[in-house]
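Subject: A structure for you to explore

Hi there,

Here is the structure I promised to pass on to you. Have a look at it first, and then read on for what I found.

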Amino acid sequence: MQILQGMTTNQMVIIFPSALIAMYLVITLQKHLCERENKYIGLILPVLCFVAATVLAIYPLITSSSSEYDGLLMFCVRMWLAFNIPTILFGFQYFRQRRTRAAIARQEAEMYAEEAAGEIAEEAAGEIADGYADRASEEYTSEQAEEEALDLTEEADQSGMSQR
């Protein structure tokens with residue numbers, strides 16, 4: 001904050017839009033990384049932010065003397081929590097993108113399964129119909145053969161009786 005107090009309005013007019021542009025570029029980079037096929041690439045910025053926040057929060061504890069520890073630990077915890085806000089935001093963006101990808105993949109799998117099930121059902125229906133048709137023709141043939149056999153037997157019996 002001391003840096004901002006010493007700035008003129010002309011300097012602030014240049015720094016604030018530049019900071020907004022830098023944030024936009026970093027957020028766009030995170031979005032691009034999350035959309036990649038490799039699921040671990042999207043974790044690069046959240047991990048970097050977490051490591052940076054941890055190092056920046058622990059640094060005052062490391063560099064201060066033991067007489068300056070009064071309230072320093074709580075200050076470092078608050079600083080660590082504040083510095084991890086980008087970690088949370090980038091992590092949220094990562095997990096939202098992964099969940100969206102998983103939902104799209106599930107929908108595609110369901111559509112493929114329905115199409116495959118439809119094709120299998122059509123094939124099975126065709127095979128069943130062919131099976132019934134074959135069986136019906138076989139049954140008809142068997143019945144016809146039995147009737148012909150009975151007719152021949154009856155004719156043979158009648159001709160045998162007539163010869164006697």
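One term to start with: a residue is called buried when its relative accessible area is under 20%, exposed when that area is over 50%, and partly exposed in between. Please also keep in mind that this is a predicted model.

**The overall picture**

The chain has five helices and zero strands, so its pattern along the sequence reads α-α-α-α-α. Of its 164 residues, 14% count as buried.

Helix α2 covers residues 9-34, which makes 26 residues. From first C-alpha to last, α2 reaches 38 Å, close to the 38 Å expected at 1.5 Å a residue. Which residues of α2 are buried? They are Gln30, Leu33 and Cys34. A handy rule for looking at such positions is that an α-helix has 3.6 residues a turn, so residues three or four places apart point the same way.

Helix α3, residues 44-63, has 20 residues. Its end C-alpha atoms are 28 Å apart, which agrees with the span that 1.5 Å a residue should give. The buried residues here are Leu45, Pro46, Cys49, Ala53, Ala57 and Pro60.

Val47, Phe50, Val51 and Val55 make a nonpolar surface patch of about 340 Å². Val47 is found in helix α3. Is Val47 buried or partly exposed? It counts as partly exposed, because its relative accessibility is 47%, and that value lies between the 20% and 50% cut-offs.

The other patch carries negative charge: Glu110, Glu114, Glu115, Glu119, Glu122 and Glu123 gather there on the surface. Glu114 sits in helix α5, which runs over residues 85-163. With a relative accessible area of 58%, Glu114 is exposed, because exposed means over 50%.

**The salt bridge**

How many salt bridges are there? The count comes to one. Glu37 pairs with Arg101, and their closest N and O atoms are 3.0 Å apart. The pair links distant parts of the chain, since Glu37 lies in the loop between α2 and α3, while Arg101 belongs to helix α5, 64 residues apart. Glu37 counts as exposed at 68% relative accessibility, whereas Arg101, at 24%, is partly exposed.

Enjoy turning it around on your screen!

Best wishes

Methods:
Residues numbered from 1 in each chain as written. Predicted model: local features only at pLDDT ≥ 70, side-chain atom pairs only at ≥ 80, totals over all residues. Heavy atoms only, no water. Helix = DSSP H or I, 4+ residues; strand = E, 2+ residues; numbered from the N terminus. Expected span 1.5 Å × (residues − 1). Buried < 20%, exposed > 50% of the residue type's maximum accessible area, 1.4 Å probe, protein only. Patch = residues over 30% accessible without salt bridge, like charges linked within 9 Å, V, L, I, M, F, W, Y side chains within 5 Å. Areas by Shrake-Rupley, 256 points an atom, 1.4 Å probe, with all protein chains shown as cover. Salt bridge = Lys/Arg side-chain N within 4 Å of Asp/Glu carboxyl O. Lys, Arg positive; Asp, Glu negative; His and termini not counted. Charge placed at Lys NZ, Arg CZ, Asp CG, Glu CD.
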